Every structure is written in structure tokens, then in C-alpha cells.
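I opened this notebook to keep a record of what I looked up in one structure. The entries follow the order in which I took up each topic.

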Amino acid sequence: MTIASVALAAALVSSTPILAAGKTITAVMHADLRTPGMTTTAYIIRDFGYMIYDTLLAEDSNFKIQPQMAEFKVSDDKLTYTFTLRDGLKWHDGAPVTAEDCVASLKRWGKADGMGQKLMDFTASIEATDPKTITLKLKEPYALVLESIGKPSSLVPFMMPKRIAATPAGTAISEQIGSGPFKFVAAEFQPGVKAVYVKNTDYVPRAEPPSWTSGGKVVKVDRVEWLTMADAQTAVNALQSGDIDFLENPSFDILPVLLADSEVTVQTLSPLGYQTLGRMNFLYPPFDNIKVRRAAFLAMSEKPVLDALVGNPDYYKVCGAVFGCDTPLATDVGSESLVKGNGMAEAKKLLAESGYDGTPIALMAPTDVGTLRAQPIVAAQLLRDAGFKVDVQATDWQTVVTRRASQKPVKDGGWNMFFTNWAGPEILNPIANVSTSGKGKNGGWFGWPDDPAMEALRDKFARAKALDEQKQLAEAIQARVYEQVLYIPLGQYKVPSAWRKSLSGVLTGPATPVFWNIEKKE
């Protein structure tokens, strides 16, 4: 038996039969699923959501918002948005989907998500005006209503039954009931080891062809199993031997082996790629001091991070644009030290002036996600070179996801710095990009910078109608991001996925992978 087969057997240990009737896709995702409670921006939670939930609207490959669960109309004065649920929608427990369910879901999402919060700031009311109709009324016109409700990532406005949506934002959902194309098999869930989904035979797909997260979600297999294989080589061996069908994020150094395998397809599914970034905790020393934050910012350099993370420049781009390079709002203002790596001397000088007392930086470093291993190690060395003391705390990603929500001091389980990645659609503008938020503890993203001036700029952007005005405001917002060091963009990259050629119909998109539309030949 191969090492891959042993790992597969271990992953499949269960009190239920290993093999189910019908066709099964076995996949190794970028991270293991431990707590499917829909409380974090972690992509494995988003991916779980797309398996079992559905959305009112969705985005197609032309960046256009399309109807999904509901058709929509907009009043001439742009103040009233009416959403009408399509026929045939049922929850996994058999109950019909109602407008009240969707209103409760939107309100819960609107408290947790950055784009949702901004939409709710402009919302006068959102009501179920009959069992199939949701009516949203604005205080004043707001151009991003449909884009907010149809956003593909990361805290997606998934629809769920009213009783479940009543769970407070930030509190884990205990019952995984959606109306989407797959059902979650809770009895077979082994946190961190295995997650199982079966085809929802009651799901009625839209008639349109699938396009990104929009269109017909036609399930063509009976079962999908997510298995955890922490070792990259073991996962590749399992793919090549046919023990698994799909590998979301093969490590970059192993890609040549897969590209040479005639039985394997290697393809980048997300055309917009990812921005990798560092985030500091503003609540406690030393990063409550702007001089210390600026010293850390000036010490950072994108190329060493990208070389360690990706290695192959075909898959990465040194890029100081907060809203993504080659996008309408791209600018290089304030980014010179990041893209040129020439800020170390100034970093040392500023740190010496800051009063930094040598307290070690508690830097969380996940070891189980290939796209998050390199950043903490490279950044830690750059910080040390500038004069910081750094405590690299090795852990797994799910622990980082849980711990970063803590607002306690380091000595009580808090943190000073972590690293993550944003998919391209999540950084395209200041409303989508929650790392630019200055809301502090009042709805801000982990790190909690309290910056009223930034919030005033983001409000102006939300009201801006012309692209020229949006560009000017985006430049001002980027300048303030770097001045205050709200976060540190560390470049852009793309990650190929790999699957056996027995699979066909794998879809591209900004929130990938999805498992509808995939066929499997035995």
C-alpha cells in the first residue's frame, strides 16, 4: 500500500460505510474544515457555504450581477429594490424558502460583512412584503446594492432559514441547513479529517448555463468528500495514483511533476488571483504606536515574500496597489518601499525613535496551509533585521482563524500580527476591501484600527458616481492605508489547482472551487 493510500484510509475511518453508492468526488482542499459555523472570513468556510447554501444574486464571468434565487427590479429613483423568489426553492429539511428567511439572512450578514455593513448604513428598511417578495428601501441612492448582495466572497450573503439566521453574527451556527445543491452529512463529519456532502435531489437549478457563481448549479455526482492530507507530497501522490480526484492547492515546487502527468489537468481557476497581506493588532503595544507600525511597514518587502511563497514569477506579481494591479483603481502611491524593498534603513531609524521596548511580537504562523506558510517566516526575519524581537508561534490555520478574533492581550491568548490572503474580488474597491476599514471595535475587521478619517473617505467613495472621482478617492484611501499602516499588501499571486482527467466540467470563478457541473468518468 502506498503512503498516499495509507493517508487516504486514515482520512476515511468512520462508523459509516467508506464507499457510497453512485459517483463520488474525493478532494483535498487548501485547508481542513473544523468548525462549519459560518463565523469567519476563512475561505474553507466560504467553500463550505457554496456547497450547501444559495444566494439571492450572483456574479457572472463578465462581473455582472445576475438573478440566482430571486429576480430583481430597481425603481426609477434608485431607492427601492424588489427581489422576488423563484419557484421550487426548499430548505434541506423540506420547508419552503420564504422572504422572511431571506430578510433574516441579509440582516445577519449585514452585521458581519464589511460590504454588508455599508449597505445597511444606506438602508432605510428591508422587509418581507409577501411570502416571496423582499423589499429593500434606501435612505439615498447607493450604487453598490446589487454588487453587495451578489458578492462572491468571503462573507457571502448566503440564505438560511429564519430560525438559523437568528443566530447572532459572530456566533457559530449549530445547524447546517441550506437550500443549495448539496446537503451536508453531519453524521459523517470528522473535524479536521473529513467532510461529506451528498447531492440535494430536491434542488431546482436555474436554466442558464453556469458562469462563476451564477447560473444553473447542476450536480452531476452523488457525493463529494473533502479529505485532509496535510503533507503536500502525500496529496500529490494520492492524486497521481487515483486515490483522490481533486487537489485544490498543490505546492508550487511540485507543479512540474503534475504538469508532466498525462492523467492530470493543472489549471488556474481564479483568474483574479490573490493578494497576500499582513495585519497588525491596533489594540495593544507595540502596534498601537504609529511609529512602530511604520517601522514594521518600511521593513517589509514584497519580492522575498513572493519568492518564498511562490518561487515561480510566472505565478506572482510584485504589486503595491491596495485595490489590485491592472484594475480601474490601481495606483502605486505610497508603495515604493514595498515594491523596491528599500525601506530597511528608515525602518531601523524610526523604530529607534518610537520608544519600542523590545517586547516580542506575537506573530501567528500556520503550518498546515501551503499558501500561508512562507509569509510569517520571511516577515519575521525582516522585522528582526529592523530591530524587532519576534516570537513566531507555529500553529494550524483554524487556530489562527479562532485566535485572531480575540481582543485580549497577548498574555491572555491574543496576538500582534497574522498573515492571510484575499481573493481578487475582495480588494477591488474600498467597500469590498475590509482591510481598509477604520471602524475599530465597532464592526471592524480583525486588528480593529479606529480611523474616523478613513471611514469618511470610504463614505465619500460609496457616494461617488463617476469613475474619475472614485479614482481620486481610491488614491487618497491607499495613501492613508500606508500612512497609518492599516494593513500591508505583500503582492499578488495565482494558485493552480489539479485534478484527474476523469473529471470534466470544472468551473473557473472568483470563489473556487465549486463542485456543481463536474462530471466523473469511472
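**Entry 1. Ground rules.** I note that this is a predicted model, in which local features need pLDDT of at least 70 and side-chain atom pairs count only at pLDDT 80 or more, while totals for chains, interfaces and linings use all residues. Residues are numbered from 1 along each chain as its sequence is written, and side-chain values use heavy atoms, with hydrogens and water left out.

**Entry 2. Salt bridges.** I recorded that side chains of opposite charge can pair when their charged atoms come close. I counted a salt bridge where a side-chain nitrogen of Lys or Arg lies within 4 Å of a carboxyl oxygen of Asp or Glu. The count by this rule is 28 salt bridges.

I then asked how accessible each partner is, taking buried as under 20% relative accessible area, exposed as over 50% and partly exposed as in between (1.4 Å probe, protein chains only). D459 is partly exposed at 27%, whereas K118 is buried at 1%.

**Entry 3. R223 and E188.** These two side chains form a salt bridge with an N to O distance of 2.7 Å. R223 lies in strand 10 (residues 223–227) and E188 in the loop between strand 8 (182–184) and strand 9 (194–199), so parts that are 35 residues apart in sequence are tied together. Both R223 and E188 are buried.

**Entry 4. A pair within helix 15.** E455 and R458 form a salt bridge, with the closest N and O atoms 2.9 Å apart. Both lie in helix 15, three residues apart, which is about one turn of the helix. I found E455 buried at 11% relative accessibility and R458 buried at 1%. Salt bridges with shared partners join D121, K439, E455 and R458 into one network.

**Entry 5. Helix 3 against helix 4.** At what angle do helix 3 and helix 4 pack? I read an angle of about 110° for helix 3 (residues 99–112) and helix 4, with their axes 5 Å apart. The axes are lines fitted to C-alpha atoms, for helices over the stretch in contact, and the angles run from 0 to 180 degrees between N-to-C directions. The two helices are therefore roughly perpendicular, a term for angles of 65 to 115 degrees.

Contact here means heavy atoms within 4.5 Å. Helix 3 contributes L106, W109, G110, K111 and A112, and helix 4 contributes G114, M115, G116, Q117, L119 and M120.

**Entry 6. T512.** I located T512 in the loop between strand 20 (503–504) and strand 21 (519–520). T512 is buried, at 6% relative accessibility. Not counting residues up to four places away in sequence, T512 touches R46, D47, E248, L269, S270 and L507.

**Entry 7. F297.** F297 lies in helix 9 (residues 290–299) and is buried at 1% relative accessibility. Leaving aside neighbours within four places in sequence, I list M280, G334, S337, L338, Y482, V485 and I488 as its contacts. The C-alpha atoms of F297 and L486 are separated by 9.9 Å, although these residues are 189 residues apart along the chain.

Note on methods
Helices (H or I, at least four residues) and strands (E, at least two) are DSSP runs, numbered from the N terminus. Angles under 35 degrees count as roughly parallel, over 145 as roughly antiparallel, 65 to 115 as roughly perpendicular and the rest as oblique.
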